[in-house]
Amino acid sequence: MKKIEYKTKPGNSYPSGVRPNSGGVNFSIFSRHATQVELLLFHSAECEEPFQIIRLQEDLNRTFFSWHIYVCKLPMGTWYAWRMDGPNRLRESGFSFDKQKLLIDPWARVVSDKLWSRKAACLPGDNMKSAMRCMVVDGGHYDWEGDVPLRISSEKAILYEVHVGGFTKHASSKVQHPGTFSGLIEKIPYLKNLGITHVELLPVMAFDEQDVPANTAERGLKNYWGYSTHSFFSPHPGYCVTPEQGTHLNEFRDLVKALHKAGIGVIMDVVFNHTSEAGANGPVINFRGVGGDIFYHLDHHDKSIFRDYTGCGNTVNANHPLVAGFIINCLEYWVTEMHVDGFRFDLASALARGENGDVLHDPPVLWGIELSKELAKTKLIAEAWDAAGLYQVGSFPGYRWAEWNGRYRDTVRRFVRGDHGLVTELATRLCGSSDLYEHQGRLPISSINFVTCHDGFTLYDLFSYNSKHNDANGESNRDGCNNNLSYNCGAEGETADQHIQIIRRRKAKNAFAILLLSQGVPMLLAGDEFLNSQQGNNNGYCQDNALSWLDWTDAEHNADMVRFVQAMIALRKRHSSIMRRRFLTGRVIEGKNMPDIAWHGANLYEPLWFEQDARLLAFTLAGVEEDEADLHVVMNMSDQAITIDLPVIAHRNWCLALDTCLPSPEDVIVPALQKPLGKSVYDVHPLSVLVFENQPI
């Protein structure tokens with residue numbers, strides 16, 4: 001290939017990253033302590049040697065702490081990387097410059113891991129032939145066809161946590177491009193029919209698939225979930241159909257635009273608490289080679305020690321001004337340029353730590369996110385804890401933030417399992433966890449309610465296994481949570497016992513019903529609606545195979561469960577009383593002659609608050625809209641049948657809408673098929689949830 005030498009100019013320090021224009025491309029990268037910087041240009045992501053190496057000069061190409069160069073007439077689609085030299089006094093200063101190590105641009109919009117070797121990046125010296133590359137792209141040219149981020153009110157939101165790859169990788173998905181953004185587009189009709197309002201995508205920023213323990217890697221396993229980000233501005237190349245062509249941005253935008261056309265919002269699970277560069281023996285990819293002393297929490301006495309509040313080897317120093325700016329600019333980019341509707345922050349409490357690791361009362365980065373003009377309408381969801389014991393559910397800094405409510409998850413799991421004496425706690429969780437949020441002036445929508453998520457048992461496994469079964473991960477079953485609050489219903493794992501199978505399905509229905517009848521924002525795990533199983537593995541982070549992929553034949557075999565979830569979502573959507581922005585009070589509603597909520601036990605208006613063995617809770621919920629039906633809900637997790645009285649409401653008849661004990665399609669009855677009961681009592685079976693809607697006489 002003919003050697004090309006592009007002419008250069010000094011360039012500008014702002015903005016960081018790549019900025020093309022009609023005359024060429026400006027490159028800028030931050031490094032406070034680098035003494036020598038080189039820009040390497042490649043013809044393709046697979047080229048092992050650069051066609052041009054441009055050495056920057058400090059007097060021409062450095063402004064304050066930024067190094068910059070303008071390359072004249074450089075075409076779009078050129079691949080590039082950086083090299084930096086400087087002090088290497090890791091213990092004293094945290095500096096780990098290596099002049100032979102290729103670095104990718106932290107601000108890169110498109111990256112390739114085609115040649116990537118994590119092992120080589122962990123060793124000192126030249127990794128030219130095994131490093132990642134970045135592409136020069138002009139990301140501003142895309143036909144959005146008028147698309148803008150959706151503005152679905154949080155009280156009306158129903159989240160669906162989904163792994164982009166695992167959703168369609170199984171052959172049963174029958175999509176053209178399995179495991180990609182494009183494959184997910186083909187499944188949008190299913191999502192729309194299910195009734196969810198938002199997908200919450202597991203990490204889709206570029207991550208290191210090779211970031212797994214050695215024993216796990218030896219089994220041929222890799223990082224599947226994606227909680228190992230290295231390039232925060234780039235969509236993950238593994239989810240693209242043609243990543244070698246640098247189509248990352250448009251492929252992700254196609255997904256967002258298609259989801260928005262279907263009325264479905266996009267929430268991204270983002271990992272700003274740590275990066276894929278791990279601890280002292282981890283790879284040099286970008287941040288460590290540019291300025292690890294700034295980007296990471298380091299020990300004050302020995303800066304070769306990375307403070308680890310995440311369980312992943314390092315912790316991002318998120319409240320350093322430069323890093324905070326980087327994070328906020330990144331989020332604003334995904335909203336303004338990629339049209340996403342919200343973010344879920346993994347181990348978000350790690351972002352509340354100051355430079356010495358202390359917990360800050362008002363962390364600048366979190367307030368900067370909350371107060372950003374560009375993010376003003378964006379949904380912000382925190383996983384309000386970290387791996388070092390900081391637990392902030394109910395006390396996460398800020399007001400707009402919603403939180404994954406771990407206390408809701410644990411209470412509902414225990415109640416559905418059959419634990420005694422939880423009705424008082426359950427009532428609080430059903431009403432939006434006012435004990436956690438109301439005293440702060442926050443709202444029921446601050447609570448993201450869930451029973452299962454990617455991390456832990458699937459819903460079916462929750463009622464099929466008493467213990468985790470993670471041997472396939474290569475860590476001798478030591479990984480994953482030990483306290484699952486699960487119950488196998490009488491047999492560990494798969495069983496031919498039909499009675500156990502019936503109980504498991506009923507418990508799954510009960511969990512769905514309780515979740516979708518709760519105040520707050522419900523979140524479902526993809527595949528739970530058709531009883532997806534991971535054979536008891538509660539930590540499938542490394543299982544990029546059939547164990548974690550959704551088998552779509554299950555949706556056919558368990559079509560009754562899919563129908564049940566669809567109908568429960570529809571029931572929720574037609575009742576504003578379940579989707580309140582304000583907390584329930586128990587006071588009489590003006591004009592209705594009934595309170596917004598009334599609690600019951602086996603007898604009307606006699607809740608079992610003080611009975612230690614109680615496993616029954618009932619309540620009546622007043623309709624909010626003029627033509628909205630009232631609801632009467634009964635949750636009986638005991639093994640005893642009971643007969644209940646239905647409350648008398650003037651000029652209204654009760655109709656059965658839900659009974660999880662009944663077979664499909666009698667378990668959920670749409671309003672058009674409901675019939676007045678014609679009686680004021682009803683027999684409630686064990687282990688069941690019932691809902692009655694009333695109609696005018």
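User: What is the relative accessible area of K222?
Analyst: The model is predicted, and its residues are numbered from 1 along each chain as the sequence is written. Local features need pLDDT of at least 70, side-chain atom pairs count only at pLDDT 80 or more, totals for chains, interfaces and linings use all residues, and side-chain values use heavy atoms, without hydrogens and water. Buried means under 20% relative accessible area, exposed over 50%, and partly exposed in between (1.4 Å probe, protein chains only). K222 counts as partly exposed, because its relative accessible area is 30%.

User: Which residue forms a salt bridge with K222, with the closest N and O atoms 3.3 Å apart?
Analyst: A salt bridge is a side-chain nitrogen of Lys or Arg within 4 Å of a carboxyl oxygen of Asp or Glu. The residue that meets this with K222, at 3.3 Å between the closest N and O atoms, is D544.

User: How many residues apart in sequence are the parts that D544 and K222 tie together?
Analyst: Helices (H or I, at least four residues) and strands (E, at least two) are DSSP runs, numbered from the N terminus. D544 lies in the loop between β21 (521-525) and α17 (553-557), and K222 in the loop between α7 (214-217) and β15, so the separation is 322 residues.

User: Is D544 buried or exposed?
Analyst: D544 belongs to a network of salt bridges that also links K169, E209 and K222. Its relative accessibility is 17%, so D544 counts as buried.

User: Which residue forms a salt bridge with D269?
Analyst: The closest N and O atoms of this pair are 3.0 Å apart. D269 lies in strand β16 and its partner in strand β17, so the pair ties together parts that are 75 residues apart in sequence. Both residues are buried. The partner of D269 is R344.

User: Over the ring of which residue does the charged end of R344 sit?
Analyst: A charge sits over a ring if NZ of Lys or CZ of Arg is within 6 Å of the ring centre and within 35 degrees of the ring normal. For R344 the distance to the centre is 3.9 Å, and the ring is that of W404.

User: Which residue in β17 stands opposite M268?
Analyst: Two strands pair if DSSP finds at least two bridges between them. Strands β16 (residues 265-270) and β17 run parallel and are joined by 4 bridges. In β17 (residues 342-345), G342 and R344 point one way and F343 and F345 the other. Opposite M268 stands F343.

User: In β18, which residue is the bridge partner of G342?
Analyst: β17 pairs in the parallel sense with strand β18 (residues 379-382) over 4 bridges. The bridge partner of G342 there is K379.

User: How far apart are the ring centres of F232 and F326?
Analyst: Rings of Phe, Tyr and Trp (its six-membered ring) pair if their centres lie within 6.5 Å; planes under 30 degrees apart count as stacked, over 60 as edge-to-face and the rest as tilted. The whole structure holds 38 aromatic pairs. The planes of F232 and F326 stand at 90°, so this pair is edge-to-face, and the centres are apart by 6.1 Å.

User: Which helix holds F326?
Analyst: F232 is buried, at a relative accessible area of 2%, and F326 is buried at 5%. F232 lies in strand β15 (residues 229-235), so the pair ties together parts 94 residues apart, with F326 in helix α10 (residues 321-336).
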